Amino acid sequence: MAVAERRRWWQPVDAIAACPPHPSTRDAPSGPPDPAARICQRWTLVVVCLASALLLFNVTAPNVALPDAGAALRADFAGLQWVLSSYALVLAGLLLAGGALADRYGRRRLFLIGLAVFGAGSVVCLVAPSAGVLIAGRVVQGVGAAGLFPAGLALLGAEFAGPARARAI
C-alpha cells in the first residue's frame, strides 16, 4: 500500500465511506433504499441509540454511587447536590445551542465532537480527587451531551425518510 493510499485514523473505513447519498439530498435515488443504504441506516441507528442511552443513563446512574462518592471525596450535602444537578443544568442550558451548531457545522461533526467532549468529561469524573473536580467533570459531560442529543436526532432525520424516519426517531 502506497503512502498516499493509507487510511488515517480520522478517515472513515471503506464500508462507511461507500454509503449512498442520504434520502434528504437531491442525489438520492427514489424508491426503497438499496442494501448499502440499509447497512448505513442500521449503523447510524445503533450508534445514535447507544449514545443517547449512555447520556440518559448518566442522568440517573450517579444517584446510585452518590453515597460512596460523597464519602470518598468528603463532600458535603451541597456538593453532592451539585454533582447531580450540574450535568442536567448544563445540558438543558446548551441543548438549543447544540442544535444550532449542528445545523451550522454539520451533524456528524458535532456528534463526534460531542462524543469526544463527553468522553473527556467522563475521564475527569473518573479520576476526580475532590468534589469540585467531579462537578467540573459533570459540567464537561453536560457540554458534550448538549452536542450529542440534537446532532443524533438530526443524523437520524437525515438518514431515514418517510415512515422509516418516524420509526427510527
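How are H4 and H5 oriented relative to each other? The model examined here is a predicted one, so to speak, with local features needing pLDDT of at least 70, side-chain atom pairs counting only at pLDDT 80 or more, and totals for chains, interfaces and linings using all residues. Residues are numbered from 1 along each chain as its sequence is written, and side-chain values use heavy atoms, with hydrogens and water left out.

H4 (107–126) and H5 (131–159) pack at about 155 degrees, with axes 7 Å apart. The two helices are therefore roughly antiparallel, a label for angles over 145 degrees. H4 passes H5 in a left-handed crossing, meaning that the near helix is turned anticlockwise from the far one by less than a right angle. Their contact splits into 17 nonpolar, 8 polar and 3 charged residues; Asp, Glu, Lys and Arg count as charged, Ala, Val, Leu, Ile, Met, Phe, Trp, Tyr, Cys and Pro as nonpolar, and the others as polar.

H4 also turns up in the second largest pocket, where H2 (35–73) and H4 each supply at least two lining residues. A pocket is an open set of points on a 1 Å grid where a 1.4 Å probe fits, with protein on both sides within 12 Å along at least five of seven lines; lining residues have an atom within 4 Å of a point. This one has a volume of about 210 Å³, and its lining is 10 nonpolar residues, with no polar and no charged ones. H2 gives the largest share, 6 residues.

Arg74 has a positive phi of about 55 degrees, although it is not a glycine. Arg74 is exposed, at 76% relative accessible area, the cut-off being over 50% with a 1.4 Å probe.

How values were computed:
Points joined across faces, edges and corners; volume = space filled by probe spheres on them. Helix = DSSP H or I, 4+ residues; strand = E, 2+ residues; numbered from the N terminus. Axes fitted to C-alpha atoms, helices over the stretch in contact; angles between N-to-C directions. Parallel < 35°, antiparallel > 145°, perpendicular 65-115°, else oblique. Buried < 20%, exposed > 50% of the residue type's maximum accessible area, 1.4 Å probe, protein only.
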